[in-house]
Amino acid sequence: MALTIEQLNAASATDAVALLEGTYEHSPWVAEGALAERPFRSLQHLKAAMAQVVTRAPAEQQLALIRMHPELAGKAMESNALTAESTNEQSKAGLTACTPEELARIRELNAAYGQKFGFPFILAVRGPRGTGLPKAEILATFARRLNNHPDYERAEALRNIHRIAEIRLNDKFGVSPELGNQVWDWQEQLAVHSDPGFAEQGQLTVTYLTQAHRACALQISTWMHEVGFDSVEIDAVGNVIGRYEAEGFVTSGGAVPGAPTLLTGSHYDTVRNGGKYDGRLGIFVPMACVKELARQGRRLPFAFEVVGFAEEEGQRYKATFIGSGALTGHFNPAWLDQADADGITMREAMQQAGLKIEDIPKIQRDPAKYLGFIEVHIEQGPVLNELNLPLGIVTSINGGVRYVGEIHGMASHAGTTPMDRRRDAACAVAELILAAEKRARQDADSVATVGMLNVPGGSINVVPGLAKFSLDIRAPRDDQRNAVIADVLAALEEICTRRGLRYTLEEAMRAAAAPSHPDWQARWETAVESLGVPLFRMPSGAGHDAMKLHEVMPQAMLFVRGLNGGISHNPLESTTSDDMQLAVLATQKLLDNLAKEQR
């Protein structure tokens with residue numbers, strides 16, 4: 001029979017450790033330490049407690065835990081010396097049925113990995129959904145992680161051990177993240193649609209109003225109908241909008257207008273060769289909530305409007321937030337005459353998609369009819385991953401300013417120009433990069449980046465006379481960002497004056513910070529805490545559709561941990577069905593708590 005939290009809480013310390021045997025490979029000290037937090041409020045509380053015991057352990061004890069794990073398809077498997085849990089996991093990933101070639105490759109990787117790091121390669125081979133990774137993906141991950149720094153790799157090994165423990169606990173407690181699995185499946189199925197030139201290479205790229213983009217919109221709308229939304233439409237800019245009406249506002253003749261509405265959603269377009277979860281997670285998590293509400297025959301005292309925003313990334317045209325901007329009344333008609341790389345204007349693309357351009361002004365929302373906007377999003381960074389936390393509360397979306405600039409010096413012979421006579425433009429940018437880095441480090445959560453540096457017409461034996469560069473500065477508050485900008489630009493002036501150079505600088509973009517509304521942030525915090533997940537508050541360094549909605553209504557966001565160092569805008573972008581399950585449960589809690597407030 002499946003174990004229950006109630007049984008674990010009631011058991012003696014000795015019996016409780018025995019009940020958790022095998023969760024962390026041959027390491028009962030993890031369970032012993034976690035039991036100090038009893039009574040556990042939930043399975044997630046237990047998972048978090050065990051992970052924190054490992055985090056607090058000395059480095060030597062962490063290393064011993066890693067070394068308790070067997071090599072993949074190694075000698076322990078061959079001699080049947082694996083634990084039952086390890087046998088099950090390696091079997092689900094097909095590692096007990098390797099071809100001679102696969103086995104030879106794994107042995108080669110095991111030897112190289114052990115020689116470099118001094119401990120076995122650890123990978124949660126049952127994968128993010130718990131059903132087992134393909135052997136090709138296991139081998140590719142193994143080879144990729146061989147390039148990691150030893151300190152990073154040891155941390156990655158521990159993160160995979162926590163994932164292994166999570167799956168083992170699910171098995172012990174007879175728990176399956178069904179809603180998270182549904183969200184996972186939707187994202188996998190939507191990812192079959194990709195633009196030409198990328199689809200053939202197995203890469204995910206969905207840019208505004210391409211055939212793949214329109215297929216995504218149709219698929220999302222189909223699923224919205226299937227899960228129980230009362231109405232579904234694709235609007236004049238390509239947003240997919242599903243409404244689940246409020247209790248008392250649905251009649252045999254359809255929905256009755258006037259119900260207060262909670263708005264949520266995110267975007268379904270992608271960057272080129274991007275990931276499956278950026279944006280789309282924020283569409284499918286609330287869709288799973290509506291599926292559950294419809295299954296239970298429940299309605300809320302407010303309507304729930306879920307939007308798959310058509311565009312956020314700015315990949316096909318020089319325009320961003322087309323979808324969410326249209327809802328706030330900020331669609332710029334001048335965008336219609338922009339042409340993409342193939343010479344197709346946005347106007348032509350909209351007409352080809354059957355969108356009614358004349359209706360764009362009609363889709364602007366009246367903020368007075370909305371309670372607010374919430375958004376669930378993959379973190380797109382390493383913080384939650386490094387802290388072993390599944391969810392994060394967003395305190396603010398960073399405001400940012402971008403510049404493009406040039407530094408002009410004097411091109412001269414690299415061999416004959418003495419070091420104290422040079423007017424080196426590239427050296428000046430190098431100094432600026434370090435100055436920006438040093439200044440941003442002085443503030444919590446400020447960031448400064450020179451992402452582009454180019455020496456036009458540069459030559460190996462010529463002192464650079466011209467250097468072109470970009471500068472991106474962000475911070476959670478506008479005053480904080482502006483202070484960093486002032487200091488970095490002062491450093492640029494000082495560097496160029498001292499070196500006898502001149503520069504030009506053009507502001508390319510400015511976006512205000514979007515702090516979360518305190519009441520809505522508190523609602524997310526209450527929901528997350530009720531699940532037994534430790535609270536962690538953090539700013540978002542990336543832009544989101546919530547930034548646009550922030551201009552007209554209160555907003556707050558929930559972050560979901562990413563895998564592979566939290567990487568995003570990359571095919572390695574990933575998260576687990578367990579973390580997605582928690583995101584669904586947190587959203588459900590927020591909806592239920594809001595319903596109590598509204599009644």
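Colleague: Where in this predicted model is the place of His26?

Modeller: His26 has a positive phi of about 50 degrees, although the residue is not a glycine. Most residues other than glycine have a negative phi. As for its place, His26 belongs to the loop between α2 (13–19) and α3.

Colleague: Does His26 count as buried or exposed?

Modeller: The cut-off to keep in mind is that exposed means over 50% relative accessible area. His26 has 52% relative accessibility and therefore counts as exposed.

Colleague: Thanks! And Phe321, is that residue buried or exposed?

Modeller: Phe321 also has a positive phi without being a glycine, at about 55 degrees. Phe321 sits in the loop between β6 (303–309) and α14 (322–327). Its relative accessible area is 15%, so Phe321 is buried.

Colleague: Which two residues does a cis peptide bond join?

Modeller: Most peptide bonds are trans. Here is an exception, with omega at about 5 degrees. The proline involved, Pro39, lies in the loop between α3 (28–34) and α4 (43–56). The bond joins Arg38 and Pro39.

Colleague: Good to know. What does Trp29 touch, not counting residues up to four places away in sequence?

Modeller: Trp29 lies in helix α3. From C-alpha to C-alpha, Trp29 is 9.6 Å from Met50, and 21 residues separate the two in sequence. With sequence neighbours up to four places away set aside, Trp29 touches Val53, Val54, Ala57, Gln61 and Leu65.

Colleague: How many nonpolar, polar and charged residues are in the contact of α17 with α18?

Modeller: The two helices pass in a right-handed crossing. On the α17 side the contact includes Cys427, Ala428, Leu432 and Arg439, and on the α18 side it includes Val484, Asp487, Leu492 and Arg499. By class, the residues of this contact are eleven nonpolar, no polar and five charged.

Colleague: Is α11 roughly parallel or perpendicular to α21?

Modeller: Here the axes of helix α11 (residues 178–190) and helix α21 (residues 577–598) are 7 Å apart, and the helices pack at an angle of about 110 degrees. The range from 65 to 115 degrees counts as roughly perpendicular. So α11 stands to α21 as roughly perpendicular.

Colleague: How does the contact of α11 with α21 divide into nonpolar, polar and charged residues?

Modeller: As α11 passes α21, the crossing is right-handed. Glu178, Leu179, Gly180, Asn181, Val183, Trp184 and Gln187 from α11 meet Ser577, Met580, Gln581, Val584 and Gln588 from α21. Sorted by class, these residues are five nonpolar, six polar and one charged.

Colleague: And what are the classes of the residues in the contact of α7 with α10?

Modeller: The axes of helix α7 (residues 84–92) and helix α10 (residues 150–173) come within 12 Å and cross at roughly 105 degrees, so α7 is roughly perpendicular to α10. Glu85, Ser86, Asn88 and Glu89 of α7 meet Ile164, Arg168 and Asp171 of α10. The classes are one nonpolar, two polar and four charged.

Colleague: One last residue, then. How far apart are the C-alpha atoms of Thr417 and Ile138?

Modeller: Thr417 lies in the loop between β10 (412–413) and α17, and at 14% relative accessibility this residue counts as buried. Beyond its neighbours within four places in sequence, Thr417 is in contact with Ser412 and Arg422. Along the chain, Thr417 and Ile138 are 279 residues apart, and the separation of their C-alpha atoms is 53 Å.

How values were computed. Residues numbered from 1 in each chain as written. Predicted model: local features only at pLDDT ≥ 70, side-chain atom pairs only at ≥ 80, totals over all residues. Heavy atoms only, no water. Left-handed = near helix turned anticlockwise from the far one by under 90°. Helix = DSSP H or I, 4+ residues; strand = E, 2+ residues; numbered from the N terminus. Contact = heavy atoms within 4.5 Å. Nonpolar A, V, L, I, M, F, W, Y, C, P; charged D, E, K, R; others polar. Axes fitted to C-alpha atoms, helices over the stretch in contact; angles between N-to-C directions. Parallel < 35°, antiparallel > 145°, perpendicular 65-115°, else oblique. Buried < 20%, exposed > 50% of the residue type's maximum accessible area, 1.4 Å probe, protein only.
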